[in-house]
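Subject: Structure handover, with notes on side-chain contacts

Hi,

Here is the structure I promised to pass on to you. Please have a look when you get a moment, and read my notes alongside it.

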Amino acid sequence: MRKLLRWTAIVLFVLLIGMQVMRPARTNPPVDQSQTIEAKTQMTPPVQDIIDRSCNDCHSNKTVWPWYTNVAPISWWIVDHINQGRQNLNLSEWAKLDRDRQAKKLQQMCDEVQDGAMPLPSYLPMHSKAKLSDQDKKTLCDWTEAERARLSGAAK
């Protein structure tokens, strides 16, 4: 039995080391500041703070890559989450969305924050500052509502 456990441990160790060779691309594409949500909306400093600490890591090209994003298989999972987050909403590329899509994304931001779907619960244990208070949620939702109103007024 000891021999089986030792060989199992050796095989698992070799697999773990071997997995480190397969590194996913950790990218931060260039940011054109004139295309960002900050540049295209009337963002208040409190909203900017909320977005910086709770959204940008997964929903912008300004991801901060901590040390553990170098360790497989965790790195695979995190890179996949970030790629999906950017695909769903990239705040660095806000200007690429038409007005209707921007309005829908603003509504979605508020809905997902209120429902507790964002930030992802799996993100919060390692990023406790990203947790949103009820006041943070209200601040963000009030801002998204004001921006949606501004967008609909500008479309007329």
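Below are my notes on the charged and aromatic side-chain contacts.

First, the ground rules: this is a predicted model, in which local features need pLDDT of at least 70 and side-chain atom pairs count only at pLDDT 80 or more, while totals for chains, interfaces and linings use all residues. Residues are numbered from 1 along each chain as its sequence is written, and side-chain values use heavy atoms, with hydrogens and water left out.

Salt bridges

I took a salt bridge to be a side-chain nitrogen of Lys or Arg within 4 Å of a carboxyl oxygen of Asp or Glu. That rule gives six salt bridges.

One of them joins Lys-62 to Glu-38, at 3.4 Å from N to O. This pair ties together distant parts of the chain, 24 residues apart: Glu-38 sits in helix H2 (residues 37-40), and Lys-62 lies in the loop between helix H4 (56-59) and helix H5 (74-88). Helices here are DSSP runs of H or I with at least four residues, numbered from the N terminus. Lys-62 is partly exposed, with a relative accessible area of 31%. On that scale, buried means under 20% relative accessible area, exposed means over 50%, and partly exposed falls in between (1.4 Å probe, protein chains only).

Another salt bridge pairs Arg-53 with Asp-49, at 3.1 Å from N to O. Both residues belong to helix H3 (residues 45-54), and because they are four residues apart there, about one helical turn separates them. Arg-53 is partly exposed at 23%, and Asp-49 is partly exposed at 40%. These two are also part of a network of salt bridges that links Asp-49, Arg-53 and Asp-136.

Glu-93 and Lys-96 form a salt bridge too, at 3.7 Å from N to O. Glu-93 counts as partly exposed at 28% relative accessibility, whereas Lys-96 counts as exposed at 65%.

Aromatic contacts

For rings of Phe, Tyr and Trp (its six-membered ring), a pair needs centres within 6.5 Å; planes under 30 degrees apart count as stacked, over 60 as edge-to-face, and the rest as tilted. The count comes to one aromatic pair. Its members are Trp-67 and Tyr-68, edge-to-face, with 5.6 Å from centre to centre and 85° between the planes. How buried or exposed are the two partners, Trp-67 and Tyr-68? Trp-67 is exposed, with a relative accessible area of 65%, while Tyr-68 is buried, at 12%.

Best wishes

Methods
Helices (H or I, at least four residues) and strands (E, at least two) are DSSP runs, numbered from the N terminus.
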